[in-house]
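Subject: Structure for your review

Dear colleague,

Please find below the structure that I am handing over to you. My findings follow directly after it.

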Amino acid sequence: MATASRLFPTATHWGAYRAEVQGGRVVAVHPITPESDPSPIGESIPGTVDGPLRIREPMVRAGWLERRHESDTARRGAEPFVAVAWDEALDLVA
């Protein structure tokens, strides 16, 4: 038995849509009105919400987390990133 879909209004910088959600997942996006003309880029939204490249938690460069502003900036792009809790990430950027 298929799960019923629900439509939720949403907006991006590509246009306004109705996100079609089924079983808790975005399965499609539809223009808010038939005469609206959102970018076709919005059609990529369902594949990116749960895509394999999505960063699912806050990440911080390891050296910066260890030494903050005294970290070796030459290591940017070479160091790994480490996951931090949301509260810690918010404190870091505040």
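Of the 94 residues of the protein, 21% count as buried, where buried means under 20% relative accessible area, exposed means over 50%, and partly exposed lies in between (1.4 Å probe, protein chains only). Please note that this is a predicted model, in which local features need pLDDT of at least 70 and side-chain atom pairs count only at pLDDT 80 or more, while totals for chains, interfaces and linings use all residues. Residues are numbered from 1 along each chain as its sequence is written, and side-chain values use heavy atoms, with hydrogens and water left out.

Overall form

The protein has 3 helices and 5 strands; helices (H or I, at least four residues) and strands (E, at least two) are DSSP runs, numbered from the N terminus. Along the sequence, their order is β-β-β-α-β-α-β-α. The radius of gyration is 19 Å, well over the 12 Å that the globule rule gives for 94 residues, so the protein is more spread out than a compact globule. This radius is taken over C-alpha atoms, and the rule is 2.2 Å times the number of residues to the power 0.38. Along the principal axes, the C-alpha atoms fill a box of roughly 55 × 35 × 25 Å.

The accessible surface comes to about 7300 Å², and 56% of it belongs to carbon and sulfur atoms; such areas come from the Shrake-Rupley method with a 1.4 Å probe, and for residues only the protein chains shown count as cover. Among contacts (heavy atoms within 4.5 Å), residues 24 or more positions apart account for 20% of those with a separation of 6 or more.

Strand pairing

Strand E1 (residues 5–12) pairs with strand E2 (residues 15–22) in the antiparallel sense over 8 bridges; pairing requires that DSSP finds at least two bridges between two strands. The two strands, E1 and E2, form a hairpin with 2 residues between them. Within this pairing, Ser5 stands opposite Gln22 in E2.

Salt bridges

Side chains of opposite charge can pair when their charged atoms come close. A search of the whole structure finds 3 salt bridges, each defined as a side-chain nitrogen of Lys or Arg within 4 Å of a carboxyl oxygen of Asp or Glu.

- Arg25 and Asp50 meet at 3.2 Å, N to O. The pair links distant parts of the chain, 25 residues apart: Arg25 is in strand E3 (residues 25–31), and Asp50 is in the loop between helix H1 (45–49) and E4. Arg25 is partly exposed at 47% relative accessible area, and Asp50 is partly exposed at 36%.
- Arg61 and Glu79 meet at 2.4 Å, N to O. This pair also links distant parts of the chain, 18 residues apart, with Arg61 in strand E4 and Glu79 in the loop between helix H2 (62–67) and strand E5 (81–83). Arg61 is buried at 8%, and Glu79 is buried at 15%.
- Arg67 and Glu70 have their closest N and O atoms 3.8 Å apart. Arg67 is partly exposed at 45%, whereas Glu70 is exposed at 58%.

Nonpolar patch

Ile55, Met59 and Phe81 make a nonpolar surface patch of about 330 Å². Patches consist of residues with over 30% relative accessible area and no salt bridge; like charges are joined within 9 Å, and nonpolar side chains (Val, Leu, Ile, Met, Phe, Trp, Tyr) within 5 Å. Met59 lies in strand E4 (residues 59–61) and is partly exposed, with a relative accessible area of 37%.

Yours sincerely
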